[in-house]
Amino acid sequence: MAHQPLDDLELETLESFLESDQVHEECQNFVMTHGFLTALSICPVSTAEEKWLPVIFEDTPKFENEKQEKQILQYLSRLFIDIQKELESEDGFMIPCELEMGQSPEELSELQEWASGFMEGVFMTESAWFESEKEEVVAELLLPIMVASDLFDDEEVIEIRASEKLTNSCIAQIPDVLTDLFLVLRTEPEKRPFPKPQHKAQGNKNKKKGAKKS
């Protein structure tokens, strides 16, 4: 049976559920989940559903019945496949939110939530991202997402975040960066477009502030 992408109603149903009282207060919302699954889709090592579902939910949801449970789990599985197929296509990758930062440190934008979800996926599968051969390139490509995530306080990220112009220029690169990361990590060596690194963003183990559903 051919894969059926989630339609607008199904996406709305999933989004509403992840924001409902049926899930733990630390459950990822939809944009965080999308970012998290995007990172797992880019990672060259597969992660089993039974490993990533608990990360999204934080705790077992209070499903109304078995029908709802089956529906929501199916929607999440299909979302994962939707993301994988979009990364594999040549049409470019669409992030489900505006490429903009929050107006204040206390108010995270959807992009910041998406990026924090993405980095959670990177942390979960960290060893597969930073093989010696491509560590510097991957770290460079991750920099715009690190800047957007609000999870890091290393010097380079702080310098970029101090300038609105630099920040906006940096986060505007995220869709292209995702395509580059996918090609670097998931394609054959002779096809990899290794960008020349200009920075080395070794922030993946620095202070993690944390950002969950508000």
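Phenylalanine 118 and tryptophan 129 are both buried. In this predicted model, the ring centres of phenylalanine 118 and tryptophan 129 lie 5.8 Å apart with their planes at 75°, and the pair is therefore edge-to-face, given that angles over 60 degrees fall in that class. Phenylalanine 118 belongs to helix 5 (residues 110-124) and tryptophan 129 to helix 6 (residues 126-129), so that the pair ties together parts 11 residues apart in sequence. When neighbours within four places in sequence are left aside, the contacts of tryptophan 129 comprise Ala39, Ile42, Cys43, Phe118, Gly121, Val122, Val138, Leu142, Leu181 and Leu185.

The largest nonpolar core contains 63 residues, of which Phe118, Trp129, Leu142 and Ile145 touch the most other members. Helix 7 supplies the largest share of this core, with 10 residues. Serine 149 also lies in helix 7, and serine 149 counts as buried because its relative accessibility is 0%, where the limit for burial is under 20%. Apart from neighbours within four places in sequence, serine 149 is in contact with Gln112, Ala115, Ser116 and Met119.

The aromatic pairs in the model number six. One of these is formed by phenylalanine 17 and phenylalanine 63, which are stacked with a centre-to-centre distance of 5.4 Å and an angle of 5° between the planes. Because phenylalanine 17 lies in helix 1 (residues 8-18) whereas phenylalanine 63 lies in the loop between helix 3 and helix 4, this pair ties together parts that are 46 residues apart in sequence. Phenylalanine 17 and phenylalanine 63 are both buried, and ring pairs link Phe17, Phe57 and Phe63 into a cluster.

Aspartate 150 is buried, since its relative accessible area of 17% falls under the 20% limit.

Leucine 166 is located in helix 9 (residues 164-171), where its relative accessible area of 46% makes the residue partly exposed. With neighbours within four places in sequence left aside, the contacts of leucine 166 are with Glu159 and Ile160.

At the level of the whole chain, the model contains 10 helices and zero strands, and the order of elements along the sequence is α-α-α-α-α-α-α-α-α-α. Of the 214 residues in the chain, 49% are buried. Among contacts with a separation of 6 or more, 75% are accounted for by residues 24 or more positions apart. The accessible surface of the chain amounts to about 11,600 Å², and carbon and sulfur atoms account for 46% of that area.

Methods: Residues numbered from 1 in each chain as written. Predicted model: local features only at pLDDT ≥ 70, side-chain atom pairs only at ≥ 80, totals over all residues. Heavy atoms only, no water. Buried < 20%, exposed > 50% of the residue type's maximum accessible area, 1.4 Å probe, protein only. Core = buried A, V, L, I, M, F, W, Y, C linked by side-chain atoms within 4.5 Å. Helix = DSSP H or I, 4+ residues; strand = E, 2+ residues; numbered from the N terminus. Contact = heavy atoms within 4.5 Å. Phe/Tyr/Trp six-rings, centres within 6.5 Å; stacked < 30°, edge-to-face > 60°. Areas by Shrake-Rupley, 256 points an atom, 1.4 Å probe, with all protein chains shown as cover.
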